[in-house]
Amino acid sequence: MRKIAIATGTRADWGLLSGIAVALRERGDCQVTVLATNMHLQKRYGMTVNEIKDNGFTDVICVPMPDTGDTPVGTADAMAACLSGMAHALQQVAPDVIVILGDRFEMLATATAALMLRIPIVHIAGGEISEGAIDDSIRHAITKMSALHLTSTEPYRQRVIAMGEAPERVVNTGSIGVYNLMHEPLMTREQLERSIDFALPEGSMLVTYHPATLDTGDTAEKCRNLLAALDRFPDSNVLITYPNNDAQGRVIIDLIEDYALRNPGRVRVIPSLGKLRYLSALRCVSAVVGNSSSGIIEVPSIGTPTVDIGIRQKGRLSSDSVIHCGDSADEIAAAIRFALSDEGQSMARNASNPYARPDTLQLSVKAIAETPLERLRTKTFYDLPHA
């Protein structure tokens, strides 16, 4: 019986990991423990630990973190608490491997704890680039701590290998988020509208805007630019979700909540839609707007255009359906206008997605459950062959 720990800190990463967690649990030769931390345990963000329990993981181990205080120092303090809490949790669980997705600061703390306890790390979504956020450096740091890598495209696999990871330990699985989107039984428009008490007619938009943590500009000003651009589409209903709890995240929350109060009936803010409602919303809206990785990775597979704002996701591979723009109100409005146009809608419907594979779940589960543990306990640096 292989003991597998799965770490999760946000609604977004659990939305991606939940399918893998359930498939591992259902194999019969794996024992799965979920370690929940950060935003999952905060009322402000919807106490999404309950979503994990709703997936049948009733014995979730919770690792509390203090509020980041919306500052870099507060984030560092929260990471320190997460590092200590995860070390104790991992000592208690004693897993054979731990699965970590992505590039969040709480996952860096988790990876550090696992490294100290000599627990092999399976890292999902390494090799990617997002030059506008500190997540970029965190992602690469976790890659070097990890023993097994599940990447979402072949170019990302090659990048992980270029970082010194042996090719036999780097598997191109495709994006689990895309797989979930294409295989999840989603809600109808009517079901979703009843669930969120908000109408999503033709021309509606789904907006998620996070702080770009390496951007030197003013976060509040950039968010106001986005809201000013949305004002230019008074006939479009706008569904907005909360940002992650990175530094300056509260600034964005205050601005979008005030915006919803000033636009009753047209704007609805929901802290967390959860996996099912979020994926369903992607199918129901006419455009996805903001700077979330989901707009680049998952959304192209359903033929909806994405407006990607600013530098946060700079460097990621993207489909033709992704419209990149600057962060002024004029640039954002122009990109939205194109996304909602017949040309923009047609382009999105016909675009391909570089992150899509039909066997992502099977490849991921097989790698996590069946890779021999002796291959994961130690590793050597892989030097690229000389040309």
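The largest cavity takes up about 830 Å³, and it is one of six cavities of 30 Å³ or more that turn up across the whole structure. (A cavity here is a set of points on a 1 Å grid over the protein atoms alone where a 1.4 Å probe fits but cannot get out, and its lining residues have an atom within 4 Å of a point; points are joined across faces, edges and corners, and volume is the space filled by probe spheres set on them.) The model is predicted, with residues numbered from 1 along each chain as its sequence is written, and local features need pLDDT of at least 70, while side-chain atom pairs count only at pLDDT 80 or more and totals for chains, interfaces and linings use all residues. Side-chain values rest on heavy atoms, with hydrogens and water left out.

(Helices are DSSP runs of H or I, at least four residues, and strands runs of E, at least two, numbered from the N terminus.) The lining splits into 13 nonpolar, 22 polar and 11 charged residues, where Ala, Val, Leu, Ile, Met, Phe, Trp, Tyr, Cys and Pro count as nonpolar, Asp, Glu, Lys and Arg as charged, and the others, Gly among them, as polar.

Turning to helix packing, α9 (residues 219-231) and α10 (residues 249-262) meet at about 25 degrees, their axes 9 Å apart. (Axes are lines fitted to C-alpha atoms over the stretch in contact, with angles from 0 to 180 degrees between N-to-C directions.)

Key:
1 Å grid on protein atoms, 1.4 Å probe; cavity = no way out; pocket = protein on both sides within 12 Å on 5 of 7 lines; lining within 4 Å.
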